[in-house]
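Thanks for coming, everyone. I'd like to walk you through one model today, starting with its charged pairs and then moving to the chain contact.

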Amino acid sequence: MTNKAKEILVPENDKTLRIAFLYVGQGDATLLSIPSSQGRKWMLIDCNVDKKAEGIDLALLLKDLLDDGLDIFVNTHPHKDHLCGIEQISEALDIREVWHSGFEPKGEHLGTYEKLTDLIEKVGESNTTILRGTRSENQIGDITYDILSPAEHVSNDIMSGTDDEVNKRIHEHCAVIRFKHGVNQKQVLITGDADWVAWRDHITGYHKDRLPSTILSAVHHGSRTFFMEKEDDEPYLDHLKTIKAEQLIISAPRQSESKHDHPHTVAMNLYKDQENGGFAESNILHLGENRECVIVDIYEDGMYNIWTDTELAKVYKFQHEENITSQPATPAAPFKSTQLDRKPMGGE
Amino acid sequence: MSMWWDEHQAYYQEQRLFLSQNSNYKEKTWALDQRLISSGVIHVRGSHSGTFPIVIIYPDATPYQGPQIFLLEEVLSQDEVNVAASDPNTLTAISIAVRKRKIYFTRHQNLLGSLCILETDDLHSEQPEILSIDKVIKRVMDWCRGTLTNHFPLDTNEFELIQHFHRHALGLNFIISDAFFEEQIIEGDFFFEKIPGILNESFYGAGIIGKTKSAVIKNSFGHTNSIDRRLTVQKDNWIKQDKTVTTAIAEQRVIQGKWWSLDSEPSEVVNKQTFFNLFRDETSELRESWLRELEKPLKDADPFFYVGIRYPNRKNELEWSFFKFINLGISAAISAGATDLEVLKQQIEGYELEAIALETMTEAKFHVRNQGRVGHDRLKELEVTFFGLGALGSTLALQFAKAGLGRLKLFDKDRIQTHNLIRHQASLKHVHQSKPEAIAEMIENQNPFVSSIGYPQHSTYTLKPEEWRTIVGDQIAISSIADDNTEGYMNELAMLENTTMYYVRALRGGKAARIFRVIPGVDACKECLTHYFSENHPDFIDVPEDPNLPIITNECNNPIRPASAADLELISSLTSRLVLDELQQTTPQESNHWVWTTEQVEGLPYEASTPFQLHQRSLKPHPNCRLCSGTKIRGIRIYKEVTDFIFSRSLTSSPKETGGVLVGYMKHGVMYIVGASDAGPESTKKLTLFVRDTEYCQDYLNRYYEKTKGLVRYIGEWHSHPTQSVKPSQTDINSLKDIANQHEYTVNEVVSIIVSKAKELGVSIHQQDGSYKYITLLELSGAWKGSY
């Protein structure tokens, strides 16, 4: 018997690359279903737990979806909004390989980071890959990909300085990967939280030919750090003009629910500026706005479709206590059986 | 305000929320009053992108009836939405939607502009299947994407290409069968005939003639079903275009027209001009070659003529559409001689074009609704004989015909009488017709792909073993005669000829029934049951009569209890299901005896008395049964090739004895002898002694055993006598007794064939106690083909 996860996330055609940007509130979780002659490979890039913003419970969803476990977990950088819940996922299903940036965070991110090191220990060194930018193309299954960041030469001096300095620098050295598929190739650019300094100093110039992409996953949940340090700074726009994407996907909760006000209004305005590599408004899909997942299918011939799904977020959201009373009106369809809960009555 | 909406306001509130929070659908206007209406655009994003204005109308029967989606030229204004939502009559909302409808000329959009892709189809759920609005939007989005990519999500519903054609030929219906799907023919003529009395005045497709890609003329006429045989204009008439054809055309009993193949399904065929677009050249003019093919009717200014197109549809299956050209009175006949192309173009402009309703009735499509429950590929290869065509038998026969059984043989000696009709499948028009003929006729009208033979006025008693062998043989038969004497006689014949029988009879006025199977040698036969009955065997469920029911007599003056069609059709259906299941299995199920009750019967054991249950038992052949006891081999069949071999070897060896081993297999108590070995080089052949070459014969056995994976094994011995005698000698008897007793031979009884000087065969079966009995050998033609 099938379930919602399988119904929505398993492509019908064996040769289709499906990329699902799962709604996880203030964080990222991108699931790739990769066509391969040895059967589909499943890759999860980052994960997060955000009960307050009603994000998806990834462990629950992946357990439903993957009977044979997860082939690869990719961590773009070791911050908790990209790693939270990895312990539960790893307990729920078998993970066979880990790719990560190789950096160690400090302060508040350390607790979650330890779960990643536990997982790395579990899968073993031979099944662990440290991501480093390269100009040579890689292949997995029937698709190809380019690792654009972190740059090979920046890896050594990252750990010096205060916690904040280290954590900020980790954004400079976050993994950026471009996945490609189809005869008439289409590309999806996964950017993690790579900030404008990284793009200016290490990525845009060096990887110029490898940047153009059909679909761009907005950096850092739609944060201005893709363009600038502070709101009033002159924005850096060369990367956006080079990427020249058609569709933008923003993995963030509603701005009002985000403790960092993601997506930043100043960034959104730049994203909408079509003269500087921005997007038509209908081509910007913000996951949190309608609590949706965005699904991209790239076919063997290079055609692609992109649409949103509202069902996964409804079916797999965390059931958490404080929110039960503020649920939207219970569907009153007459055919659903009654589900009672505790209701104290009477008393003096 | 509708009652449901009054009671379930939260449902609409929730729908409102979902509609406003879905990036695939951008809601622009909405109103919630008597009903919920929402209008906005569907966004299709990706390599093909676009926006599609729609309106979503929630009907009064929400949520049991899903929302209706209309494709629009533009989004409804707030005023329009307000009016649509406020009128208690849903038709107002629909008419507002229809006014702004946009037709995409694509399957699954109805003439009014709404989509029919939203049917719910979860058959597993007991509760109403309600499609969430998210899913509705996703389906509409996928359909909209299909209008851009021509790749629609696959589904089961068919929708005719010509659904949106502006004019339809009223009262004209075509039905085509397998003949029209001959792929090699790519264009030519088609032929239809109207058959009086069936298909309700529709024209049935007789066949097509035309040229192949390599310009060879071929034809394809129907032969798969009985309608094909009922046509009055035959294939040869059509090919020769003789007087039969011209007369039939003049009498409008037949239709002939021209047709062409297309490489793919046309995207838009809605009127004459879009139809012409299929036949234009590079300069957008009508192709001369195409017009020339219509030259005759155009020059004659025929009042009408017919054309057809065939194309692979979106499921890559061949599909047809037919059209009728009608002279509007503008085009007049042109004198004979060469006609200018421009004149033909003018002539055809004087015609209007109408689409013709079409149904495809190929053998596969005809049986498609049986899929999964009765496999047509298997059933159409089988035949079943029906003894008794009363209320039970007529229902059984028609159910098997509907299942698509290849051939039915029908036995009953009686005619239909008016008193039968109250429970029978036959009707007033069959009164005084013999039952087999009436049922055969009904079968032909029910499933023309099934063949049936009636044996009218044929008492089962008149069947001799040879006839039984020819008609029934080792196939399957079902008896609903419910007469112990007749069924006793049939039991003897069936056991002798290895027929698998099913017996069914209603008990207690149809409130109970007994169905049992007899595979000879495997199941208790009818005679075994009398032993079990007299022993009060616990597995034989004895259903007592109901003395309170009246007694009437049947056609044979036998006393019977009345029963209603409701009871009897239930019993027939149970029987059909049991037999159909077994026909589709490779090995029969363990149960062979079924008792059905619809009431609690006093005196039955507790577990067998629960009403509306089928109680299953397994009864094996009874040790005291005259037909089943004694030797387990009840019959022997031998292939002619084997007897020929035995004769030729004994002739060569004469006057000295020779022989060898016999190999074969057993099926349902009958031993099939498929081979006999030679004596071997080391054998001893004397006038009164023969000893086979053990090593040589062992090799022979091993080869068979391996080749047939153990099916064909050692079964006995053959040898020749130089005399006229085919009686086993004491030496023979002793050796055969030893064989039966030695474990190494893996047989408990041994077949012996002795061939005399006069080419007579003596066949005996030898037991472990040394006893033996003669048995008649039945010869099968040719050689064993290795099939079992």
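Let's start with a cluster of charges. A:Lys4, A:Glu7, A:Glu311 and B:Lys135 are linked in a network of salt bridges. Keep in mind that this is a predicted model. Over all chains, the structure holds 57 salt bridges. I'll pick out a few.

First, a pair between chains. A:Lys314 forms a salt bridge with B:Asp134, and their closest N and O atoms are 2.5 Å apart. Where do the two partners sit? The pair crosses from helix H9 of chain A, residues 311–315, which holds A:Lys314, to helix H5 of chain B, which holds B:Asp134. A:Lys314 is partly exposed, at a relative accessible area of 33%. B:Asp134 is buried, at 7%.

Next, a pair within chain B. B:Glu444 and B:Arg230 form a salt bridge, with the closest N and O atoms 3.9 Å apart. B:Glu444 lies in helix H16 (residues 435–446) and B:Arg230 in helix H6 (residues 226–230), so this pair ties together parts of chain B that are 214 residues apart in sequence. Are these residues buried or partly exposed? B:Glu444 has 30% relative accessibility, so it counts as partly exposed. B:Arg230 is partly exposed as well, with a relative accessible area of 29%.

The side chains of B:Asp523 and B:Arg517 meet in a salt bridge, at 2.7 Å from N to O. B:Asp523 is buried, with a relative accessible area of 0%. B:Arg517 counts as buried too, at 2% relative accessibility.

On to the chain contact. How many residues does each chain give? Chain B gives 28 residues and chain A gives 28 residues. Together the two chains bury about 2,300 Å², and 54% of that is on carbon and sulfur atoms. Which residues of chain B lose the most area to chain A? They are B:Gln21, B:Arg45 and B:Ser47, which together account for 24% of what that side buries.

What about polar links? Between chain B and chain A the count is 2 salt bridges. There are also 10 residue pairs in polar contact across this interface, with both residues at pLDDT 80 or more. On the chain B side, the elements that give two or more residues are helix H2 (9–20), strand E2 (36–46) and helix H5 (133–149). H2(B) gives the most, with 6 residues. By type, the residues on that side divide into 10 nonpolar, 12 polar and 6 charged.

Strands meet here too. Strand E15 of chain A, residues 304–309, is joined to E2(B) by 2 bridges, and the two run antiparallel. One bridge partner pair is A:Asn305 with B:Gly46 in E2(B).

Last stop: a histidine in chain B. B:His593 lies in strand E21, residues 593–597. Is B:His593 buried or exposed? B:His593 is buried, with a relative accessible area of 2%. Its side chain makes a polar contact of 3.1 Å with the side chain of B:Arg514. Leaving aside neighbours within four places in sequence, the residues in contact with B:His593 include B:Ile515, B:Phe516, B:Leu529 and B:Phe540. Also among them are B:His615, B:Gln616, B:Arg617 and B:Leu619.

That's the tour. Over to you for discussion.

Notes
Residues are numbered from 1 along each chain as its sequence is written. Chains are lettered from A and ligands numbered from 1 in the order in which they are written. This is a predicted model: local features need pLDDT of at least 70, side-chain atom pairs count only at pLDDT 80 or more; totals for chains, interfaces and linings use all residues. Side-chain values use heavy atoms; hydrogens and water are left out. Contact means heavy atoms within 4.5 Å. Buried area is the accessible area (1.4 Å probe) that two parts lose on being put together, summed over both. A salt bridge is a side-chain nitrogen of Lys or Arg within 4 Å of a carboxyl oxygen of Asp or Glu. A polar contact is a pair of N or O atoms within 3.5 Å; within protein, one must be able to donate a hydrogen and the other to accept it, and residues adjacent in sequence count only if both atoms are side-chain atoms. Helices (H or I, at least four residues) and strands (E, at least two) are DSSP runs, numbered from the N terminus. Ala, Val, Leu, Ile, Met, Phe, Trp, Tyr, Cys and Pro count as nonpolar, Asp, Glu, Lys and Arg as charged, and the others, Gly among them, as polar. Two strands pair if DSSP finds at least two bridges between them. Buried means under 20% relative accessible area, exposed over 50%, partly exposed in between (1.4 Å probe, protein chains only).
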